[in-house]
Amino acid sequence: MLNKILYLFLFLIFTHPHNAGSASSDVDLIEQNWPFNGIFGRFDKASLQRGFKVYSEVCAACHGIRHISYRDLGDIGYSADEIKAIAGEYEVIDGPNDEGDMFTRDAKMSDKFVEPYENEKIARLANNGVYPPDLSLIVKARAGGADYIYSLLNGYKDFPENFEASEGMYYNEYYPGKQIAMPSPIMDEIVEFDDGTEATHLQIARDVTSFLAWTAEPELEVRKSLGVKTLFFLILLTIMLLGVKRKVWKNLD
Amino acid sequence: MKDNKTEKKGFTNWIDERLPIFTFINHNLRDYPTPKNLNYFWNFGSLAGITLVIMIVTGILLAMQYTANTEIAFDSVERIMRDVNNGWLLRYIHMNGASMFFIIVYIHIFRGLYYGSYKYPREILWMLGVVILLLMMATAFMGYVLPWGQMSFWGATVITNLFSAFPIIGDYIVTFLWGGFSVDNPTLSRFFVLHYLLPFAIVGVVALHLVALHQFGSNNPTGLDVKSEGDTIPFHPYYTVKDYLGLGVYLIVFAGLVFFAPNFLGHPDNYIPANPLQTPAHIVPEWYFLPFYAILRAVPDKLLGVLLMFAAVLILFFLPWLDRHRVRSANFRPFYRQFYWLFIINCFVLGWVGAMPAEGIYVLISRVATLYYFGFFLIIMPLLSKFENTPALPSSISAAVISEKFDSKEPAGSETYVK
């Protein structure tokens, strides 16, 4: 009976619909071997820094990452001075001051990333009626996760013949409905990497996807390393409990 | 307290004489005579209790940081995930704890169903369990609304709207539940209050569940009554250590989910903030509601669907009177056993079809599965009660244990009696 339950449990897991990349697209995602996958997964800090550069020079024109503070950049290897310099390029509205007036000041480390638009209405006005979603959680908020984002960035093609395209839309085979309002955001050499890495469009897509995986799950490294320790402890404990249980129950024979 | 003939010395005795908590613990957790043949399926009761404690502790800590306001609920959860010390751990334990709780409780229920644990004299014990299940479902449903993501909002909208199916009072009930004319801030804030309240109601019913359990003691795989002292062993150390071992295995699975696949059982859409103007492509409830969701959608008539969905849980209350066969354990009921496994598979089919779009072949599958779900309780069980012959039962729990040891097959089944 135990076996039957086990099989049923496995059946439940493998037929679980959220599991099977149930994105509305019928095309298989491009699967990447991400360094943050697996139980020992870690972020590649150099890649995250390159990805941050791509985000700030390309994506940030339209997309915010409002759950991230400038200070969080410390996690991906920036020093306090570097972060202050990065934050200093943005302005935030603060106040009211003692005179009761609102004022603008340079962003500080403790501020959240400044969003590209003041509000959703302006964002829509600037983007043909479409609201560019916040990217902080995008990797967790899409079936397929990082592979989906990577595929989407590389999924632009010309419209097939007989496709009823809407005005101002672009063809992307990974996007639900295949039409997306965002034009292909990346191309070779659209950014120049500080570490000399060649900025091919594949490299750019990979780095920015890694960066967005970090913004979605900044706790990932701590979580996985704590998880390994916890499992190690629990398995050891359970083996010992098995020994104790057998010894105690021997009394009954 | 007069049974203590001689006055005992010592601090614990002093207390125990005035407030017999140590006698109580001794009676219910130490000497407590327990059938000696319980298998690992009897671990799931204590696991459910432990999970309830884990959920309450993590829940209270989360509530210190969470804000039940539609403007900032989503962001307050993200703040817990990012800026609260170990907040991600608390939230992932709580989130996956809900799934683990249902896995444990469903196995606990299926165990009762297999070994006839709902039969005389444990009917009230069983019914209290069904009350716990109902409270859990309500609590889990409202908890899922709190992060105020897309699935939170639309799940709440779909489920609360079900009540509008009732004639005349339907719309009134829905407005009453919402506290307004749509799922909005008043809905979120009352769901939060109730989500915090109901678990303590569950604790109360669990206490009654345990009182009822200890009245006659645990059922066992043979389903036979305890006949002599030789059939039982003291709870401690035998079942305490066995429960600890089960807990170890359980925590490994639980930790695996929390640390390495925390969002595996969730829906990605719930990381998109709630947007009343944009409906998700597929609105699906959490996995533990999928079988009931399938029953709801199997019926073309909305009211009938709603009634059947509720009936699917409520029917469990009547189990002790639907199955009146005198043999408890399915181990000695060859026919019931076959229908039982079919019923289990059927529950998985319902869960699977509940996640599929309600169209084409899926509708047909869900209807057949719904028919079997109710047929099992309303037709098969009463008929088997009347007509199922069973092999001769072992004379006692001890006899069954011994025959199992020397012969792995079930006790000789050639001799049958007719009911």
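# Working through a two-chain model

In chain B of this predicted model, 76% of the contacts between residues at least 6 apart in sequence join residues at least 24 apart. Keep that in mind for the exercises below.

## Exercise 1: the overall build of chain B

Work out whether the radius of gyration of chain B agrees with that of a compact globule.

Solution. Start with the inventory: chain B holds 16 helices and four strands. Next, take the extent. Along the principal axes, its C-alpha atoms fill a box of roughly 65 × 60 × 45 Å. Now the test itself: a compact globule of 419 residues would have a radius of gyration near 22 Å, and chain B comes in at 24 Å, so the two agree. To finish, look at burial, where 40% of the 419 residues in chain B count as buried.

## Exercise 2: two helix pairs in chain B

Classify how H6(B) is oriented to H9(B), then do likewise for H5(B) and H10(B).

Solution. Take H6 (residues 123–145) and H9 (residues 185–216) of chain B: their axes lie 8 Å apart and the packing angle is about 160°. Angles over 145 degrees count as roughly antiparallel, so H6(B) is roughly antiparallel to H9(B). The crossing of H6(B) past H9(B) is left-handed. Sorting the residues of this contact by class gives 22 nonpolar, five polar and no charged.

Now the second pair. H5 (residues 87–115) and H10 (residues 235–260) of chain B cross at roughly 130°, and their axes come within 9 Å. That angle makes H5(B) and H10(B) oblique to each other. Their crossing is right-handed. On the H5(B) side you'll find Tyr92(B), Ile93(B), Asn96(B) and Met100(B), which meet Phe254(B), Leu257(B) and Val258(B) of H10(B). By class, that's six nonpolar residues, one polar and no charged.

## Exercise 3: placing Tyr373(B)

Decide whether Tyr373(B) is buried or exposed, and list what it touches beyond its neighbours within four places in sequence.

Solution. First, locate it: Tyr373(B) sits in helix H15 (residues 361–387) of chain B. Then count. Tyr373(B) has 24 C-beta neighbours inside 10 Å, and the cut-off for buried is 20 or more, so Tyr373(B) counts as buried. With neighbours within four places in sequence set aside, its contacts are Ile295(B), Ala312(B), Asn346(B) and Leu350(B). As for Met137(B), Tyr373(B) is 236 residues from it in sequence and 19 Å from it in space, C-alpha to C-alpha.

## Exercise 4: a covered helix in chain A

Find how many residues of H5(A) are buried and what those buried residues pack against.

Solution. Helix H5 of chain A spans residues 145–153, and nine of its nine residues are buried. Among them are Gly145(A), Asp147(A), Tyr148(A) and Tyr150(A). For the packing partners, look to strand S4 (170–172) and helix H6 (201–216) of chain A.

## Exercise 5: where the chains meet

Identify which element gives the largest share of the side of chain A that touches chain B.

Solution. Begin with the totals: chain A puts 37 residues into the contact and chain B puts in 33. On the chain A side, the elements giving two or more residues are helix H1 (2–14) and helix H7 (220–250). The largest share belongs to H7(A), with 16 residues.

Terms used
Residues numbered from 1 in each chain as written. Chains lettered and ligands numbered in written order. Predicted model: local features only at pLDDT ≥ 70, side-chain atom pairs only at ≥ 80, totals over all residues. Axes fitted to C-alpha atoms, helices over the stretch in contact; angles between N-to-C directions. Parallel < 35°, antiparallel > 145°, perpendicular 65-115°, else oblique. Left-handed = near helix turned anticlockwise from the far one by under 90°. Nonpolar A, V, L, I, M, F, W, Y, C, P; charged D, E, K, R; others polar. Rg over C-alpha atoms; globule rule 2.2 N^0.38 Å. Buried ≥ 20, exposed ≤ 12 C-beta atoms within 10 Å, placed from the backbone. Contact = placed C-beta atoms within 7 Å.
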